[in-house]
Amino acid sequence: MVTSVLKERISNLKSSKFSKSEADFECLSSEEKEDYKLVQNIIDNNLLSYKFQPIVRAEDGSIYSYEALMRSHTRKNVPPLVILKYAGMQERFPDIESATFKNVIDIVEANKDKIGDAKIFINSIPGVKDL
């Protein structure tokens, strides 16, 4: 109950006509506004996917770890930097962080047999704290 009330208040603040994000949105071109809305949909519906880039040991070529690289799971390719740009404008970095950690952990759990003992590196956004 309390969580839903807080989420509603945050949503109301974000949609306020006096908010910084609204002013930033109005300055965007029509193509940028489409990307902004697409990123909003990506975040709202957790349409993030991840590519696992192997990091190999120079001495023997064995896989030491994997780096989880964020991608969008949409028809239109939305580069990670574009996702981060519009997530920042929407003050949604905590949502990106939470989804990324949860999604990557779920993928690792489902693929333990393929990953083995390799470490997993997840890029994070410095200074972001979950609400």
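1. Let's start at N46, which sits in the loop between helix 3 and strand 1. Helices here are DSSP runs of H or I with at least four residues, strands are runs of E with at least two, and both are numbered from the N terminus. The phi of N46 is near 50°, a positive value in a residue other than glycine. With 34% relative accessibility, N46 counts as partly exposed; on this scale buried means under 20% relative accessible area, exposed over 50%, and partly exposed in between (1.4 Å probe, protein chains only).

2. A word on what you are looking at: this is a predicted model, in which local features need pLDDT of at least 70 and side-chain atom pairs count only at pLDDT 80 or more, while totals for chains, interfaces and linings use all residues. Residues are numbered from 1 along each chain as its sequence is written, and side-chain values use heavy atoms, with hydrogens and water left out.

3. Leaving aside neighbours within four places in sequence, N103 is in contact with N46, L48 and Y50, where contact means heavy atoms within 4.5 Å. N103 counts as buried, at 11% relative accessibility.

4. Three strands form an open sheet in the order 1-2-3, with mixed pairing; two strands pair if DSSP finds at least two bridges between them. Strand 1 and strand 3 (119-122) are the edge strands, each pairing on one side only. Neighbouring strands are turned by 30° against each other on average, direction ignored.

5. Strand 1 (residues 48-56) and strand 2 (residues 63-72) run antiparallel and are joined by nine bridges. One to look up is P54, whose bridge partner in strand 2 is Y66. The hairpin of these strands has six residues between them, and there G61 takes a positive phi near 75°.

6. Helix 5 lies across strand 1, strand 2 and strand 3, running at about 65° to strand 1. For such angles, axes are lines fitted to C-alpha atoms, for helices over the stretch in contact, and the angles run from 0 to 180 degrees between N-to-C directions.

7. What is inside? The largest nonpolar core has 24 residues, and L48, I83 and I96 have the most contacts inside it. Such a core is a set of buried Ala, Val, Leu, Ile, Met, Phe, Trp, Tyr and Cys residues joined through side-chain atoms within 4.5 Å. Two or more residues each come from helix 3 (30-44), strand 1, strand 2, helix 4 and helix 5, and the largest share, five residues, is that of helix 3. Not counting residues up to four places away in sequence, I96 touches I43, L48, M70, I83, L84, A87 and I125.

8. Which residues of helix 4 (residues 80-89) are buried? They are I83, Y86, A87 and M89. Seen down the helix axis, these residues fall within an arc of 160°, so they line one face of helix 4; the arc is that of the directions from the axis to the C-beta atoms.

9. Helix 3 and helix 4 pack at an angle of about 85°, with their axes 9 Å apart. That makes the two helices roughly perpendicular, a term for angles of 65 to 115 degrees. On the helix 3 side the contact is made by E32, D35, Y36, V39 and I43, and helix 4 brings V82, I83, K85, Y86, A87 and M89.

10. Finally, do take a look at E91, in the loop between helix 4 and helix 5. E91 has a positive phi of about 55° although it is not a glycine, and at 53% relative accessibility E91 counts as exposed.

Methods:
Angles under 35 degrees count as roughly parallel, over 145 as roughly antiparallel, 65 to 115 as roughly perpendicular and the rest as oblique.
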